[in-house]
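Rolling a probe the size of a water molecule over the atoms shows where empty space is left.

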Amino acid sequence: MTGLSVEDLSVTYGGRRPVEAVRSVSLEVAAGETVALLGPSGCGKSSLLSAVVGIISPAGGRVLWEGADVTHTPVHKRGFGMVFQDGQLFPHRTVARNVGFGLEMAGLDRGARAERVAELLELVGLEGLGERPVTELSGGQRQRVALARSLAPRPRLLALDEPLSALDAELRGRLAVDVRDILTASGTTALVVTHDPAEAEVMASRVLRMRDGELVP
Ligand code: ADP
Ligand code: MG
């Protein structure tokens, strides 16, 4: 098996009344494939994605990449990237310095960084906007920056958590097509979460439905 395997993954939130947000979910995403997780608000999509990426620890189960267990590998050593609903850009950085952030962290020199950033800006259709402050972008442009930033370090898996839901309906439809094309062009393996069936169909080659913390068979 190449790509991602999730085996019997469970996520529980503690507290006085513990919530079993994800219950024994198993799924696979083949290398180069985009799979969508579709389900209503509160069904456990973000919890599942966060456990896969390593932002939260699962209560049980395993996450494997190419057969190697990464369940307890720290998030920054997993080689997985994540795109959030609201982009979470650094407001005081330009477009280029947002896109180059992960490359800076990885210690790439200035020249190599500039080259990779230019590549990514072209990929997401933002050529020439590198020096623009991110505060002067439209919502759609901001999500393109978020996508470019997460792809820059060449993640082996990209997790996208409702990447378009902060945008208006018309823009969402167009950007869903672009996201699919960008993921395909970059050969990225991806797991994308959405509550919108049309969006799931456009972005992914396969759609898995989730309800009450479980995959619908
Ligand atoms: P979705 O992304 O599908 O909307 P979530 O994964 O965010 O669903 O939430 C699944 C369930 O877990 C919900 O019942 C939610 O209230 C609960 N939950 C999510 N995050 C936390 C948290 N940090 N602490 C306690 N409960 C949480
Ligand atoms: Mg969510």
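## Cavities in the predicted model

The largest cavity has a volume of about 60 Å³. The structure shown is a predicted model, and a search of the whole of it finds 2 cavities of 30 Å³ or more. The second largest cavity has a volume of about 30 Å³.

The lining of the largest cavity is formed by Val-83, Gln-143, Arg-144, Leu-147, Leu-160, Pro-163, Leu-164, Leu-175 and Val-179. Two helices, α5 (139-151) and α6 (169-185), each supply at least two residues of this lining. Of the elements involved, α5 gives the most, with 3 residues. The largest cavity lies between domain 1 (1-79 + 158-217) and domain 2 (89-154), because both domains give residues to its lining.

The second largest cavity is lined by Met-82, Val-83, Phe-84, Gly-87, Ala-146 and Arg-149. Here the elements that give two or more residues are β6 (80-83) and α5.

The table sets out the residue classes in each lining.

| Cavity | Nonpolar | Polar | Charged |
|---|---|---|---|
| Largest cavity | 7 residues | 1 residue | 1 residue |
| Second largest cavity | 4 residues | 1 residue | 1 residue |

Which helix gives the most to the lining of the largest cavity? That helix is α5, and α5 is also one of the elements that give two or more residues to the lining of the second largest cavity.

Note on methods. Residues numbered from 1 in each chain as written. Chains lettered and ligands numbered in written order. Predicted model: local features only at pLDDT ≥ 70, side-chain atom pairs only at ≥ 80, totals over all residues. Heavy atoms only, no water. 1 Å grid on protein atoms, 1.4 Å probe; cavity = no way out; pocket = protein on both sides within 12 Å on 5 of 7 lines; lining within 4 Å. Points joined across faces, edges and corners; volume = space filled by probe spheres on them. Helix = DSSP H or I, 4+ residues; strand = E, 2+ residues; numbered from the N terminus. Nonpolar A, V, L, I, M, F, W, Y, C, P; charged D, E, K, R; others polar. Domains from an automatic or database assignment.
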